[in-house]
Every structure is written in C-alpha cells, then in structure tokens.
Amino acid sequence: MSTLMDDKKSATMPLQVTSNISFFDRMASAASKFASRAWFFAMCVTLVVVWFPSIAIIRNIDTWQLVINTATTIITFLLVALFQNSESRANDAVQQKLNAVATALLDIMQHLGDNLGPDDQTMRKAREELADSIGVERRESS
C-alpha cells in the first residue's frame with residue numbers, strides 16, 4: 001500500500017534546502033540586523049536633532065523641510081525594500097518547516113490508520129482534513 005508521501009508533489013524538506021543565498025538576500029539580512037539595533041534608532045534621532053536647529057544655517061523653510069523629507073524618504077524606501085525581502089524569506093522558511101511537520105504527521109497518521117484497520121473513520125477523516133489543509137493532491141485511481 002502506498003503512503004501519502006508517494007501521492008503528493010515533492011515537498012521541500014529542511015534537509016533539501018540549500019544555504020546558497022544571493023548577494024541581495026545577504027545584503028537585506030545585514031541591513032535588517034543593522035537597522036534593528038538600538039544604536040541605529042539613536043542615530044536616526046540624532047539626525048532629527050541635528051536637522052532641527054539647522055534652520056538657522058539654511059534660513060529657507062522650504063529647503064529646510066526638503067532636506068529632511070528627502071533624507072527620510074530615501075532611507076525609508078530602501079529599508080522597506082530590504083526588510084520586505086528579509087520578511088518574505090523568513091516567512092518562506094517557516095512555511096517550509098510547517099509543511100515538513102505536517103507531512104511527517106500525515107505519514108504517522110497513515111501508519112497508525114493502517115494499524116488500526118479500515119473501520120476507524122475518525123483517523124481517516126483526520127488524515128483527509130490534514131491532507132486538504134496542506135494541499136496534498138491525491139492521484140486518481142483508475
């Protein structure tokens with residue numbers, strides 16, 4: 001009798017995931033670590049504290065506001081792109097781990113169901129619900 005592992009598309013198991021990540025992914029991870037530190041926040045506060053009295057040097061309110069708006073917009077735009085990359089990769093990693101756990105649980109339930117016999121409707125229903133929830137596709141028998 002075939003198990004559900006035989007009946008589904010190949011799942012990415014944690015051991016099958018390579019540690020090769022792109023330059024951009026490494027840069028995004030480094031930027032995320034850099035910007036998540038307290039001293040980075042202190043540096044941002046310092047930027048605002050230095051900017052605020054610079055009105056005395058710049059003297060034009062429009063230019064003064066343009067300086068801080070431009071600086072914060074550029075920094076925000078770049079950080080959002082980098083953080084989104086880091087967050088997406090983290091979410092993908094968690095999803096792969098959950099899929100591996102669900103697949104292992106499905107196989108265990110299949111094995112237990114085989115040992116309990118064909119009359120155990122509760123185990124069969126639980127296996128079907130789990131298989132449906134993780135997207136396992138079954139082949140149609142001919």
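Buried means under 20% relative accessible area, exposed over 50%, and partly exposed in between, with a 1.4 Å probe and protein chains only. The model is a predicted one, in which local features need pLDDT of at least 70 and side-chain atom pairs count only at pLDDT 80 or more, while totals for chains, interfaces and linings use all residues. Residues are numbered from 1 along each chain as its sequence is written, and side-chain values use heavy atoms, with hydrogens and water left out.

Phe23 has a relative accessible area of 59% and is therefore exposed; its place is in helix H2, residues 23–35, helices being DSSP runs of H or I with at least four residues, numbered from the N terminus.

A salt bridge requires a side-chain nitrogen of Lys or Arg within 4 Å of a carboxyl oxygen of Asp or Glu, and by this rule there are two.

| Salt bridge | N to O distance |
|---|---|
| Asp25 and Arg89 | 3.5 Å |
| Lys125 and Glu129 | 3.6 Å |

Because Asp25 lies in helix H2 and Arg89 in helix H5, their pair ties together parts that are 64 residues apart in sequence. Asp25 counts as buried at 15% relative accessibility, whereas Arg89, at 25%, counts as partly exposed. Lys125 and Glu129, by contrast, both lie in helix H6, four residues apart, about one turn of the helix, and Glu129 is partly exposed with a relative accessible area of 48%.

How values were computed:
Helices (H or I, at least four residues) and strands (E, at least two) are DSSP runs, numbered from the N terminus.
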